Amino acid sequence: MADSSTQSITIGAPPDRVVAVICDFPSYPEWAEAVRQAEVVEEYEDGYASQVRFVLDAGVMADEYVLEYGYSEDLSHIEWHLVAPSKMQRSQRGSYDLVADADGGTTVTYTLEVDLAVGMLGMFRRKAEKMIMDAALKQLKRRVEALGAAQ
């Protein structure tokens, strides 16, 4: 059974810069530590990725899977789900919700629901989820802010 977890972080950049990093899937291996490869396999007519294949290696968890993405019209909500079960996952659903802050930053809320194909005690699964989400948000923040500083 999948549990849903949610975390938020504030990034010192406007939503369009955050979206640009989230949607630049081929660059994920440059900044998302566990991602070894990310390849857009299908696109919508507007050029945004509809399906992305990921190769992940997080030490104890290595996996290869395809996610299908959907986007709100204003790109404030980006969601995904696992196309087919993988070696490690029966299902995965997630989303990013972006809200512009008054000071020019963006609050990003990350929601993730994963049903693992391998057994894991609830306590360990929750700890692993927190570590994955924490790392994902911190790495996203670092990437967006570093790109902004380089401009």
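How many helices and strands does the secondary structure of the protein come to? Please then look closely at Phe54: with which residues is Phe54 in contact, leaving aside its neighbours within four places in sequence?

Analyst: This is a predicted model, in which local features need pLDDT of at least 70 and side-chain atom pairs count only at pLDDT 80 or more, whereas totals for chains, interfaces and linings use all residues. Residues are numbered from 1 along each chain as its sequence is written, and side-chain values use heavy atoms, with hydrogens and water left out.

The secondary structure comes to three helices and seven strands. Here helices (H or I, at least four residues) and strands (E, at least two) are DSSP runs, numbered from the N terminus. Along the sequence, their pattern is β-α-α-β-β-β-β-β-β-α. The protein has 151 residues, of which 40% count as buried. Buried means under 20% relative accessible area, exposed over 50%, and partly exposed in between, with a 1.4 Å probe and protein chains only.

Phe54 belongs to strand β3 (residues 49-57). Leaving aside its neighbours within four places in sequence, Phe54 is in contact with Phe25, Tyr28, Val35, Gln37, Ala38, Asp63, Glu64, Tyr65, Leu67 and Tyr69. Contact means heavy atoms within 4.5 Å.

Several of these residues have aromatic rings. A pair of aromatic rings is described by the distance of the centres and the angle of the planes. Rings of Phe, Tyr and Trp (its six-membered ring) pair if their centres lie within 6.5 Å; planes under 30 degrees apart count as stacked, over 60 as edge-to-face and the rest as tilted. The structure holds 13 aromatic pairs. One of them joins Phe25 and Tyr69, whose rings are tilted, with 4.6 Å from centre to centre and 50° between the planes. That pair links distant parts of the chain, since Phe25 sits in the loop between α1 and α2 (28-31) and Tyr69 in strand β4 (residues 62-71), 44 residues apart. Phe25 and Tyr69 are both buried.

Phe54 itself forms a stacked pair with Tyr65, at 5.7 Å centre to centre and 25° between the planes. Phe54 in β3 and Tyr65 in β4 are 11 residues apart, and both are buried. Ring pairs link Phe54, Tyr65, Phe25 and Tyr69 into a cluster that also includes Tyr28, Trp31 and Tyr96.

Phe54 has a place in the largest nonpolar core as well. A nonpolar core is a set of buried Ala, Val, Leu, Ile, Met, Phe, Trp, Tyr and Cys residues joined through side-chain atoms within 4.5 Å. The largest one has 36 residues, and those touching the most other members are Tyr28, Phe54, Tyr96, Val108 and Leu140. Strand β7 (residues 106-116) gives the most to this core, with five residues.

A salt bridge is a side-chain nitrogen of Lys or Arg within 4 Å of a carboxyl oxygen of Asp or Glu. By this rule there are five salt bridges. In one of them, the closest N and O atoms of Arg53 and Glu39 are 3.1 Å apart. Because Arg53 lies in strand β3 and Glu39 in strand β2 (residues 35-43), this pair ties together parts that are 14 residues apart in sequence. Arg53 counts as buried because its relative accessibility is 17%, whereas Glu39 counts as partly exposed because its value is 34%.

Other salt bridges lie elsewhere in the chain. Arg143 and Glu30 meet through their side chains at 2.9 Å, N to O. Arg143 is in helix α3 (residues 122-150) and Glu30 in helix α2, 113 residues apart. Arg143 is buried, at 17%, and Glu30 is exposed, at 56%.

To return to the centre of this close look, Phe54 is buried, stacks with Tyr65 and is among the residues that touch the most other members of the largest nonpolar core.
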